[in-house]
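Trainee: Please walk me through this one. I have not seen it before.

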Amino acid sequence: MSSLKAHSQTLYETDYLQWIETTVEKLQSQDYANVEWENLIEECDSLLSESR
């Protein structure tokens, strides 16, 4: 596991708001290789479930 991915997972678990801000920055700059996709998909799926 790369240190960046490990940092992202830790950030997701410890500072959710910072994780969101960092993820948005990565998406806006098209830095797709460094997006933490597993947690992002989980969050999107959760939003869908809540809206139903």
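Trainee: Where does Gln30 lie?
Mentor: Gln30 lies in the loop between H2 and H3. Helices here are DSSP runs of H or I with at least four residues, strands are E runs of at least two, and both are numbered from the N terminus. One caution: this is a predicted model, where local features need pLDDT of at least 70, side-chain atom pairs count only at pLDDT 80 or more, and totals for chains, interfaces and linings use all residues. Residues are numbered from 1 along each chain as its sequence is written, and side-chain values use heavy atoms, with hydrogens and water left out.

Trainee: Is Gln30 buried or exposed?
Mentor: Exposed, with a relative accessible area of 56%. Buried means under 20%, exposed means over 50%, and partly exposed is in between, using a 1.4 Å probe and protein chains only.

Trainee: What is phi of Gln30 near?
Mentor: Phi of Gln30 is near 60 degrees, a positive value in a residue other than glycine. Most residues other than glycine have a negative phi.

Trainee: Zooming out, how many helices and strands are there?
Mentor: The protein chain has three helices and zero strands. Along the sequence that reads α-α-α. Of its 52 residues, 23% are buried.

Trainee: Which element has the lowest mean pLDDT?
Mentor: Helix H1, residues 3-14, at 70, while H2 has the highest at 97. pLDDT is the predictor's confidence in each residue, from 0 to 100. The protein chain averages 88, and 83% of the residues score at least 70. Where pLDDT is low, the predicted coordinates should not be read in detail.

Trainee: At what angle do H2 and H3 pack?
Mentor: About 105 degrees, with the axes of H2 (residues 16-28) and H3 (residues 37-51) 12 Å apart. So H2 is roughly perpendicular to H3. Under 35 degrees counts as roughly parallel, over 145 as roughly antiparallel, 65 to 115 as roughly perpendicular, and the rest as oblique. The axes are lines fitted to C-alpha atoms over the stretch in contact, and angles run from 0 to 180 degrees between N-to-C directions.

Trainee: Which residues in H2 meet H3?
Mentor: Tyr16, Trp19, Thr23 and Leu27 in H2 meet Trp37, Asn39, Leu40 and Glu43 in H3. Contact means heavy atoms within 4.5 Å.

Trainee: New topic. How many aromatic pairs does the structure hold?
Mentor: Three. One is Tyr12 with Tyr16, edge-to-face, 6.1 Å centre to centre and 65 degrees between the planes. Tyr16 and Trp19 also pair, stacked, with 6.0 Å centre to centre and 25 degrees between the planes. Rings of Phe, Tyr and Trp (its six-membered ring) pair if their centres lie within 6.5 Å; planes under 30 degrees apart count as stacked, over 60 as edge-to-face and the rest as tilted. Ring pairs link Tyr12, Tyr16 and Trp19 into a cluster.

Trainee: Is Trp19 buried or exposed?
Mentor: Buried, with a relative accessible area of 4%. Tyr12 is buried at 15%, whereas Tyr16 is partly exposed at 39%.

Trainee: What is Tyr12 in contact with, beyond its neighbours within four places in sequence?
Mentor: Trp19, Asn39, Glu42 and Glu43. Tyr12 lies in helix H1. The C-alpha atoms of Tyr12 and Asn39 are separated by 7.8 Å, though the two residues are 27 apart along the chain.
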